[in-house]
Amino acid sequence: MKKKLVALLTASAMALSLIGCGNASSTSGNSTSAPASSGGDLIKVGIINNDPNESGYRTANDKDMKAMFTEANGYEASFAYSLKNDEQITAAQKFIQDGVDYLLLSAADTAGWDSVLKDAQDAGVRVILFDRTIDASEDLYEASIVSDMAKEGETAVNWLKEQGLSEYKVIHIQGVMGSAAQQGRTGALDAQVAADSNWSLVTQQTAEWNAEKAQQIVQSVIDSGEAFNVIYAENDDMAKGAVAALDKANISHGVGKDVIVMGFDCNKWALQELLAQNWNYDGQCNPFQASYIDEIIKTLESGGTLSEKTIIMDEKGFDATKITQDDVDNYGI
Amino acid sequence: MQKNNVLTRLMRNQIFIPVAALILLAIFNLIMDPSFFKITLGYNSVGNPVLSGYLITILDYGSELAILAIGMTLVTAASGGQDISVGATIAISGSVVLRVLCGTNSRPETLQAPIIVAFLISCVAAMLFGAFNGVLVAYFKIQPMVATLILFTAGRSIAAWINNNELPIISDPVFGYFGGFIPGIPIPTPFFIAVACMIVIALVLRFTNLGLYTQAVGINENSSKLNGLNPAFIKFLTFVILGLCVAVAALIKVSRISSINYSVIAKDIEMDAILAVALGGNALSGGKFNMAASILGAYVIQFLTTTLYKFNVQSDALPAYKAVVVIILVVMSTPVVRSWLSEAGKKIKGRTSQKAKEVA
């Protein structure tokens, strides 16, 4: 009897996880290969990415890739998605067997890529990393296109410095501790607070990218009656939660108001908040790597060489007083 | 002698545990910083009166947990296990609300459906998912924690799928009332919603046999069957009721920020809900329960959370503090410690007349 129950449970769990997979693939389309109708001079690329459902950043990144690597642009692209490193490696092996010209990779994990990339090299497949770096010898890939999170933090802190407040009392809401985005964005602010006595942190707490937690953290500061004039949230969701707490307590925020609100990631809705002048600043984390990759492939195909291996993307910071509707449409993710 | 009896009776009462915890926390705050208890009346950004202060924050943010504690207490009592999928089903239910309100456009200028319709549909959805859990537990006799593990794992993906993984945002201020303030009323709405749920469950327990039946099933399934009850159906029913509680909590959650983030909304709330039941002195192995104690337990947890935030404890360390509370509670409720305590008590009082009362 017990055994039967266990079997039933595992079967139902499996069935359910299948449904789960079905959901994911119905929106993303797992391993869809473009038909190679015109053949011949198309450049074959195999693209390995994380699941587009992971975040708004990833969704925008995947859309950008799909828009760039089309037959009209001279590419024959195959896509594979996974958040698991071993599945990504399997996909990479398949692409190498299929004889792609380029392997574009956003690795789920930094480790474990050496052998498969050596296989790629032996088979004459050129590898380009995007968004994430890996722990492997630089000889194994042609280029890596990444964001510089520390620079994102510096851009934001420099912007804040330019606001010329007589005193900076900052509520600092951090992302998941230890993540690259958290470390980069925290580092710049910490350095500034340590260097300038006019700057102080009212509180420095992690809300783990969670709007509700951010709301409670800010609520707690409001309840304590401590004064603050800047909210530095390390992503848009948390800034939104913070603003919800401000709204409840009648603390005005935005351009020319009591509290400066800063977010990161440039979600479209966040940029609209900037446009409405409810927030002051949003820092970009650029998901649009396709054009950089395209340029690299064109250079390599024409026999040129790349000046550097690691290419850091341009990332903007948007100021609510200068942002336009065009910016929202072009940079919102 | 008389006094002593009152005291022991009080100690024996289940609600003593959360009340004692509440008093301990209150005294701690009173000593550390009496301004904790200050409540001020102010005006919010649209000019409506609002009360603010730590105590109001506790009533406000503890509400979802209190509502969940109602359903979780029933599930615990009947099935002797817990539902760990409530966080994930809150994501689903919240996603349904936003989906109905937004229609196909994720940033609607006007709501596509009345809020009450969206809420009712989300209730149906949440109760269906509750029923799914209930069927697995009641009819397939799967361990509740294992059965609900399925939705715990898959729920947030389902929630994302309901909205095509888009991020709907509601701009209509009326939707924000459920997680904020109704104009003119200075007390946060979630508290009223929680009170309404408490009244409903109090009436249900008073005028129906639900309480009696769930306890009967939880204490001894076979004897309740011999007495003409249908244990499977009663277990199933408690999961459906929990589904309803989830839908109400989800409405408050999505209303708070007029949006949703599938991966983090109501994260780890199932653990707090189970802790509320345990803090209420209810046996996690099922049987007798005290609803008021569970609800009070939920507010005690929020009291603890708010206190920790006040003292700037790193928010990722909060679970560790809650874990300490759980450990103390669980150890205190083990038979070994209980008998040891009652032995010690007997020695101190020098009396032997106390009959050992079985609570577990």
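Colleague: What makes strand S6 (residues 168–174) of chain A a partner of S8(A)?

Modeller: Two strands pair if DSSP finds at least two bridges between them. Here 4 bridges join S6(A) to S8(A), and the two run parallel, so they count as paired. A:Val170 stands opposite A:Val230 in S8(A). Helices (H or I, at least four residues) and strands (E, at least two) are DSSP runs, numbered from the N terminus. The model is predicted: local features need pLDDT of at least 70 and side-chain atom pairs count only at pLDDT 80 or more, while totals for chains, interfaces and linings use all residues. Residues are numbered from 1 along each chain as its sequence is written, and chains are lettered from A and ligands numbered from 1 in the order in which they are written.

Colleague: Which strand is joined to S8(A) by 3 bridges?

Modeller: Strand S9 (residues 260–264) of chain A, which runs parallel to S8(A). A:Val230 stands opposite A:Ile260 there. Between S8(A) and S9(A) the chain passes through helix H8 (residues 236–248) of chain A in a right-handed β-α-β crossover. That term applies if, with the strands pointing away from the viewer, the path from the first strand over the helix to the second runs clockwise.

Colleague: What makes both faces of strand S8 of chain A count as covered?

Modeller: On one side A:Val230 and A:Tyr232 are buried, and on the other A:Ile231 and A:Ala233 are buried. A residue is buried if 20 or more other C-beta atoms, placed from the backbone, lie within 10 Å of its own; 12 or fewer makes it exposed, and anything in between partly exposed. In a regular strand the side chains alternate between the two faces of the sheet.

Colleague: How do you know that the length of helix H5 (residues 149–162) of chain A agrees with its residue count?

Modeller: The expected span is 1.5 Å times one less than the number of residues. For the 14 residues of H5(A) that should be 20 Å, and the end C-alpha atoms are 20 Å apart, so the two agree. Buried residues of H5(A) include A:Met149, A:Ala156 and A:Leu160. The buried residues of H5(A) pack against elements of chain A, among them helix H6 (180–195), S8 and S9. Just after H5(A), A:Gly164 has a positive phi of about 60°.

Colleague: How many residues of chain A are in contact with chain B?

Modeller: 41 residues of chain A are in contact with 38 residues of chain B; contact requires C-beta atoms, placed from the backbone, within 7 Å.

Methods: Two residues are in contact if their C-beta atoms, placed from the backbone, lie within 7 Å.
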